[in-house]
Amino acid sequence: MDPEPLKSLPENWSKAVAIVAHPDDMEFGAAAAVARWTGQGKEVVYVMVTSGEAGIDGMHPDECRRVREAEEIESARIVGVETLEFLGLPDGIVEYGVPLRRTLAEVIRRHRPDIVLTGNFRDSFGPGALNQADHIAVGRALLDAARDAGNRWIFPDQLTDGLEPWGGVKAVWAFGSPEGRHGVDTTDTFDQGVASLAAHAAYIDGLGWENWDPREFLESFGRQAGQRLGVTFATTAEVYSLTWGGDDED
Ligand SMILES: [Zn+2]
């Protein structure tokens, strides 16, 4: 059976905020799409909920935080992202709930994006590939927060010093979801995506995957997605539309 064709993600927007749990979450597949969009003149902001400080077994979190923040800043720069924030929540034990929704609603109200980007937050990436707790908590909370941000009676204490409700988020796009039905052509920006992932040198080294190559990894997924979109390389995303009846068919 041929794999299901992907629909192209719309590109009639001007600002996106990527909200993910960890440094490296955008780079395992989504960064080349970001490079495409920043190359079109769109603005993309990165927001890291944690600094991934519990991510390297042989490195204390205090040092790890500094190393991983620096790697992420470089990763972001490579794909044209200039604004990057670290929210400083504790890596590995991020909890879904009202406090996280509050934090993310404030981020969305400040940045006023058309689109919110994140990673897959379903229970798995596919058969046998369990997802990670922080990814699930962050994705679920930001889906709620994208709506909370537009309601002035939710978290009203934030609406001071000129901060206003923001109901302009059209959709949340979750990269790498096993339910992804949409795709982005990343053929022209594929190398930037590879460089962006390779910038996580200390992290990749700490994983201890022998002979693991960022280019080979991204090529294998990128080619599969590309076939479904009719191009050389692509990235897939699941679309959660926040406009009733919206289907992002364009
Ligand atoms: Zn992660």
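Donors are N, O and S atoms within 2.8 Å of the metal (3.2 Å for Na, K and Ca); water is not among the atoms, so sites may look incomplete. In this predicted model, local features need pLDDT of at least 70 and side-chain atom pairs pLDDT 80 or more, while totals for chains, interfaces and linings use all residues. Residues are numbered from 1 along each chain as its sequence is written, and side-chain values use heavy atoms, without hydrogens and water.

The donor residues of the zinc ion follow the spacing H-x2-D-x109-H. H22 (ND1), D25 (OD) and H135 (NE2) coordinate the ion at 2.0 to 2.1 Å. H22 sits in the loop between β2 and α1 and H135 in helix α4 (residues 133-148), so this pair ties together parts 113 residues apart in sequence. Helices (H or I, at least four residues) and strands (E, at least two) are DSSP runs, numbered from the N terminus. Buried means under 20% relative accessible area, exposed over 50%, and partly exposed in between (1.4 Å probe, protein chains only).

| Residue | Relative accessibility | Class |
|---|---|---|
| H22 | 7% | buried |
| H135 | 18% | buried |

**Strand β3**

In β3 (residues 43-48), five of the six residues are buried. Strands pair if DSSP finds at least two bridges between them. β3 pairs in the parallel sense with β2 (residues 15-20) over six bridges, and with β4 (residues 84-86), also parallel, over three bridges. Y46 in β3 is the bridge partner of A18 and stands opposite L84 in β4. The chain crosses from β3 through helix α2 (residues 61-78) to β4 in a right-handed β-α-β crossover; right-handed means that, with the strands pointing away from the viewer, the path from the first strand over the helix to the second runs clockwise.
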